[in-house]
Amino acid sequence: MDPPLRFVLCGSVDDGKSTLIGRILHDCGQVFADQMEGVEEDSRRYGTQGDATDLALLLDGLKDERQQGITIDVAHRGFATARRRFIVADAPGHEQYTRNMATGASTARLAVVLADARKGILPQTARHTRIAAMFGVGHFVLAVNKMDLVGWDHDAFESIVSGYRTLAEEIGIPDVATIPVCALTGDNLTRSSGRTPWYTGPTLLEHLEAVAVEPRTAGQPFRMPVQYVNRPDAGFRGYCGRVVSGTVKPGDRVRISPAGTTATVESIMAWQDTRARAKRGDSITLTLRPDVDVTRGDVIVDADRPLEVADQFQAKILWMDDAPLTVGRRYRLKLHTREVEATVTRIRHRIDVSDGSQLAAPHLGINDLGVVNLATSRPVPFAPFDESRELGGFILIDRATNATVGAGTLTFALMRAANLKWQDFDVDGEVRAELKRQRPRCLWLTGLSASGKSTIANLLERQLVTEGRHTYLLDGDNVRHGLNRDLGFTEADRVENIRRVAEVARLMVDAGLIVIVSFISPFRSERDFARSLFEPDDFMEIFVDASVEACAARDPKGLYAKAKRGEIRNFTGIDSPYEPPERPDVHLDTEGLSPEECVEIVMRRLA
Amino acid sequence: MSRYGGGQTILAAVDAIFGVMSSCLSALESEAIEIIREGVATAARPVMLYSIGKDSSVLLHLARKAFWPAQPPMPLLHVDTTWKFREMIALRDRVAAEAGVQLIVHTNQEGIDAGITPFTHGSDHYTDIMKTVALRQALDAGRYDMVFVGARRDEEKSRAKERVFSLRNGAHQWDPKAQRPELWNLYNTRLHAGESLRVAPLSNWSEPDIWRYIAAEGIPIVPLYYAAERPVVERDGQWIMVDDGRMPLVPGERPQLRRVRFRTLGCYPLTAAIESSADTLDAIVAETLAAEHSERRGRLIDHDGEAAMERKKREGYF
């Protein structure tokens, strides 16, 4: 038996995708009795077909989907007839779930595109067709659904078909079959309809059973990306991977890409044995002689047919994140088994999904398709996507959120001279912050002695560290004894003291840290100076507020008593002024709030 | 026409008899091995959940193949509710020793101390404490970031919606509305601290595929899958096996000997047997191909209200 034909079912929302596949499964006897009972029960509760069973509920596997009557994520469902096995990806039609549709399309060889006979080709029909084609789907079926609602009218069908053929031609899709159907009643799905005498072609199922899908890699040389180096002991080194094209046997000369070194295949390991040959699709372990250096992300290829290696590409991208794709931002790029840093150096154009026209675009938003120039941090072995799905398809991962934000296909390598060179790793504040997965800031606590700054600062830092943040606390204790050991308590020295602390805090924020500064810092001008060193949102002035009387009453170090006795001069609040902030970012009244409550307030502001 | 296509019954039987792997099985095998290797290559602390059932048996076999001649570089984790069939525990210990892998057995001791049993607390509460909570405890203790599971998309319709590499948050919860796009075979395995991935290498396998593969590869399975005379009682139209003396019988209820087998195995009081005479792999394949009910019908916990499985997964059950 051959592996299943994988196809994706796509089209706009409410064109009847889940109903269509539900109907096919049902009519093929592919639904278990207990599953059917479940669907009947769900139909009474959520069904959209009155008293009739709503077969879409066979596929809508999430509770939210059944309740809202829509498809949110792609469902993968296997089924079989006497002639062929299938895995169908039932894709959501809503534009906001395009990335889930792309997930389903990426592993499909064929797409069944639905169109509502009353509405024809919608922008979403075109978007799905374009994405499916971009991600390697080579065969298309246009199923014009709800033919009952247009009276089985031949002209209505032909006019939609002609619109779709224009679209297919523009995109460059060679193979399109067109079938008039009614998913609700099953006409032309698994049995020929008596109501479309003008249609003499196969039913949808007959077409799916018969269509020939050839992998594009036929005739290509041996290529295998290395997934894993198996090294149980010093005596064995095996290179594990899945063959993406060609065949390999012991004695074959191979080349390691990108290094370019060559070796001979010593053996192909199989379970408790070795094997004589491996072909496209096989997961294998190779041993080589001599034992050249090979790591995950390398590609082992036919020695005489080296793979192209490049770090500048033209690529097509589907953007899938709420935050737009911006030129110059660094992403992680995963191509076969290799991960590198990548940046889009130029957006050549955005593609209008409806008519394919090229639009100028400063960035790509969610669900946009575009053509870009792409630069990788290191040269990578690859093949154009049109030649190899496995060696030319890539995803982009956001370095801070780890989300899969884009998916694309390498079109060709660009000549290095014609392009900007990869800016070899500008390590800046943004990069350091992303590494620490946090937003660096300076939290500047000002207030009288004994107002509660140190207590709050310590608690705050502990809380931040508990949440996995990287912090540093600057206070009198760790600054006065080292960095500012040479400073006294004159007015000039106090200004210099604050200046140095502010500058150090700025450097630490640039290093990616959340810096808590706990200093009396009595003068507005000093605090304003400190603020001026930071980006507007990176500095938070936190007023730790307690009256002089309250502080003097607390007086944990006995300083107020000494100052009142005249043993300490220039003591803030006694014989030196404190200028309270006029508009602090956070105001903490420590006479009314516990330290824990104060920390909570600050944490909320940071969230 | 049977669910899996009438014409294939004979072919399947031929495959099973001669131990030949069809191109379909060999493609499924290669895909699963690729997924296992990808998970292990990008994991800090991988682990394989091992439930001793047929899918787990296939998964372990694939892991052994993926890394041969080395042992699979990850431990097996079995969440033992203490209510597993005795034949299951016997197979577990034998197979783990044979494969040369570390076997971690975890039981929720707090649940035992609180006297939680499937009879006294209802299947929903029992499953939550002894399986879901227990699993979370074991995963937290091991700080595992890549958790291999034997789930198949054809088992249940919320599973059909799940990615091969399925992201779980720090509390092991699945958020079905925030799944990462999964393009081709490019799996995004990047994680924040505390997050983990549930990896399902058997996603695209069907129940008959599992049986054909077990036959083709000669994988040892729990004998309960084969039909034999066993002591059972009938409850709510399902055959429940009396595996030991802990099973409380209602007045008038007497265990009777019936020729039964199991399509799926779990905790014995929560797993129903089917009447069957299939006592060879060929007969099991044939019976599976002709089945009118899904295998999950015999799992009582799937019927705890609408969307039961999706809710359990959101809570961290596998």
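In chain B of this predicted model, 80% of the contacts with a separation of 6 or more join residues 24 or more positions apart. The chain is built with 9 helices and 10 strands, and 55% of its 318 residues count as buried.

Chain B also meets chain A, with 53 residues of chain B in contact with 58 residues of chain A. Three helices of chain B, α1 (8-18), α2 (23-42) and α3 (54-67), each supply at least two residues of the side that touches chain A. The most comes from α2(B), which gives 10 residues to that side. Sorted by class, the side of chain B that touches chain A holds 21 nonpolar, 16 polar and 16 charged residues.

Beyond its neighbours within four places in sequence, A:Val8 is in contact with A:Ala89, A:Ala91, A:Gly104, A:Ala105, A:Ala108, A:Ala111, A:Ala132 and A:Val137.

The buried residues of α6(A) are A:Phe157, A:Ile160, A:Tyr164 and A:Leu167. They lie on the same side of α6(A) because they cover an arc of only 90° around the axis. In general, an α-helix has 3.6 residues a turn, so residues three or four places apart point the same way. Among the elements that cover the buried residues of α6(A) are β4 (110-116), α5 (123-134), β5 (139-145) and β6 (175-180) of chain A. The face turned away from the buried side of α6(A) carries the exposed residues A:Asp155, A:Ser162, A:Thr166 and A:Glu169. Just after the helix, A:Gly172 takes a positive phi of about 95°.

As for confidence, chain A averages a pLDDT of 90, and 97% of the residues score at least 70. Over residues 417-425 of chain A, however, pLDDT stays under 50, and the model has 8 contacts beyond four places in sequence for this stretch. Where pLDDT is low, the predicted coordinates should not be read in detail.

Notes
Residues are numbered from 1 along each chain as its sequence is written. Chains are lettered from A and ligands numbered from 1 in the order in which they are written. This is a predicted model: local features need pLDDT of at least 70, side-chain atom pairs count only at pLDDT 80 or more; totals for chains, interfaces and linings use all residues. Two residues are in contact if their C-beta atoms, placed from the backbone, lie within 7 Å. Helices (H or I, at least four residues) and strands (E, at least two) are DSSP runs, numbered from the N terminus. Ala, Val, Leu, Ile, Met, Phe, Trp, Tyr, Cys and Pro count as nonpolar, Asp, Glu, Lys and Arg as charged, and the others, Gly among them, as polar. A residue is buried if 20 or more other C-beta atoms lie within 10 Å of its own, exposed if 12 or fewer, and partly exposed in between; C-beta atoms are placed from the backbone. The arc is that of the directions from the helix axis to the C-beta atoms. pLDDT is the predictor's confidence in each residue, from 0 to 100.
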